[in-house]
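Work through the exercises below with the model open. Each task is followed by a solution in steps.

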Amino acid sequence: GRVHHTKGWHFLLQVISEYKKRNNNCLFIFVGDGGDRQEMETVISNYNITDNVIITGFLPSNVVAKYIQAADLFLLGSQKEGWSTSLIEALACYKPIITTKVSSATSIVKDGINGFVIAQHDLHGFVSAIDKALKLNNFNEYIDKEISKYSLDTLKESLEAIWSPERTT
């Protein structure tokens with residue numbers, strides 16, 4: 001993703017700083033890069049969480065998928081988001097999701113089932129959701145049903161139902 005203030009990196013660093021007080025044995029990996037990276041690195045240093053945070057820079061999609069698959073959780077702290085492709089990617093990798101309440105969040109994340117949707121700027125709610133999400137289990141069947149909604153075949157069928165394709169000969 002893009003390291004930009006609207007993506008909520010500063011909020012997530014606050015979350016990490018607070019979570020580290022509960023569990024110093026944690027590692028958060030930001031996959032992406034952007035114009036705020038230098039400022040982000042300064043804040044990481046100021047919060048004394050340099051041992052708990054890695055910024056990978058931009059990576060190819062197949063490598064991003066490997067990072068998500070290796071993770072215990074997927075966190076999204078965005079202030080604004082359109083339809084969040086990254087939430088769908090986390091869903092496809094069968095990862096519990098904790099996200100701020102952005103436009104597509106409540107369509108993709110079902111509280112207590114495959115993750116949690118937390119109000120904007122709710123630091124303590126986000127931090128406590130991490131422990132809750134780590135304890136979620138038995139959500140694979142839900143995800144199996146849910147992820148099929150986002151397949152290319154399903155998307156094509158849904159669009160054709162709304163806009164009947166005109167055939168030219």
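**Exercise 1.** Find the polar contact that the side chain of E81 makes, and describe the surroundings of E81.

Solution. The side chains of E81 and K7 form a polar contact at 3.2 Å. A polar contact is a pair of N or O atoms within 3.5 Å; within protein, one must be able to donate a hydrogen and the other to accept it, and residues adjacent in sequence count only if both atoms are side-chain atoms. The model is predicted: local features need pLDDT of at least 70, side-chain atom pairs count only at pLDDT 80 or more, and totals for chains, interfaces and linings use all residues. Residues are numbered from 1 along each chain as its sequence is written, and side-chain values use heavy atoms, with hydrogens and water left out.

(Helices, H or I, of at least four residues and strands, E, of at least two are DSSP runs, numbered from the N terminus.) Leaving aside neighbours within four places in sequence, E81 is in contact (heavy atoms within 4.5 Å) with K7, L76, V102 and S103.

**Exercise 2.** Is E81 buried or exposed?

Solution. Buried means under 20% relative accessible area, exposed over 50%, partly exposed in between (1.4 Å probe, protein chains only). E81 has a relative accessible area of 18%, so E81 is buried.

**Exercise 3.** Which residues of α7 are buried, and what covers them?

Solution. In α7 (residues 140–147), the buried residues are Y142, I143 and E146. They lie on the same side of α7, because their arc around the axis is only 95 degrees, taken from the directions from the helix axis to the C-beta atoms. The face turned away from the buried side carries the exposed residues E141 and K145. The cover over the buried residues includes α4 (85–92) and α5 (105–108).
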